[in-house]
Amino acid sequence: MNEEIIDTPEKVGLLVVDDDVDILNLVTHELGESFDIYAVQNVVQAMDVLKKNEIAIAICDERLKGESGSELLANIKDQYPDIVRILISGFTDTNSIMNAINKANIFKYIVKPWGNQLKIILEEAQKYYLENKKNQYKDSLTSLKSEHTILDSLYVEIK
């Protein structure tokens with residue numbers, strides 16, 4: 001009997017920030033099987049989720065109450081640089097796009113409505129995150145585990 005092994009990527013944390021509840025429900029419904037989704041409506045809730053959970057990808061609407069999505073993503077970049085950042089918007093505001101690229105170093109910019117594009121981009125972001133996570137502790141020259149990785153492993157064992 002020849003069984004085929006399918007390599008499915010591990011489920012990662014996805015933070016979705018949008019003040020539109022319908023968008024949050026749609027994303028949760030469409031992507032709940034592929035990601036651990038944390039759907040929130042504002043910046044304060046988003047920062048709380050980031051403090052308490054391991055998030056791999058943050059997707060944020062540009063127009064939020066209080067702070068713009070690109071500002072939030074820039075803060076995420078500063079505090080959690082490994083998180084893949086994606087900006088979504090129903091508007092094509094050049095200033096916000098430039099701000100997101102220059103300050104938040106976003107992975108992608110998506111214009112609403114996104115159709116199948118969102119799922120494809122999030123799968124790319126997930127692969128990108130997991131590959132970076134896998135390689136972050138390898139020496140780029142020798143591909144051997146770095147001293148940092150070995151010390152982290154020992155620390156975990158000691159705990």
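This is a predicted model: local features need pLDDT of at least 70, side-chain atom pairs count only at pLDDT 80 or more; totals for chains, interfaces and linings use all residues.
Residues are numbered from 1 along each chain as its sequence is written, and side-chain values use heavy atoms, with hydrogens and water left out.

On the overall layout, the chain has 6 helices and 5 strands, taken as DSSP runs numbered from the N terminus (helices H or I, at least four residues; strands E, at least two). Read from the N terminus, the order is β-α-β-α-β-α-β-α-β-α-α. Of its 159 residues, 36% count as buried, the cut-offs being under 20% relative accessible area for buried, over 50% for exposed and partly exposed in between (1.4 Å probe, protein chains only).

E62 is buried yet has no salt bridge, and the nearest side chain of opposite charge, R63, is 6.7 Å away. Here Lys and Arg count as positive and Asp and Glu as negative, with His and the chain ends not counted; a salt bridge needs a side-chain nitrogen of Lys or Arg within 4 Å of a carboxyl oxygen of Asp or Glu. D61, in strand β3, is also buried, at 6% relative accessible area. Leaving out residues up to four places away in sequence, D61 touches V17, D18, D19, G69, L87, I88, S89 and K112.

Side chains of opposite charge can pair when their charged atoms come close. Here the count is 3 salt bridges. One of them joins D36 and K11 at 4.0 Å, N to O; D36 lies in strand β2 (residues 35–40) and K11 in the segment before β1 (12–17), so this pair ties together parts 25 residues apart in sequence. D36 is partly exposed at 34%, and K11 is partly exposed at 40%. K52 and D48 meet at 3.3 Å, N to O; they are 4 residues apart in helix α2 (residues 43–52), about one helical turn. K52 is exposed at 61%, whereas D48 is partly exposed at 35%.

K108 bridges to E124, with the closest N and O atoms 3.7 Å apart. K108 lies in strand β5 and E124 in helix α5, so the pair links parts 16 residues apart in sequence. K108 also lies over the face of F107, 5.8 Å from the ring centre (the rule asks for NZ of Lys or CZ of Arg within 6 Å of the centre and within 35 degrees of the ring normal).

The count of aromatic pairs is 1: F107 and Y128 are tilted, 5.2 Å centre to centre with 40 degrees between the planes. F107 is in the loop between α4 (94–104) and β5 (108–111) and Y128 in helix α5 (residues 117–135), so the pair ties together parts 21 residues apart in sequence. Rings of Phe, Tyr and Trp (its six-membered ring) pair if their centres lie within 6.5 Å, with planes under 30 degrees apart stacked, over 60 edge-to-face and the rest tilted.

Methods:
Contact means heavy atoms within 4.5 Å.
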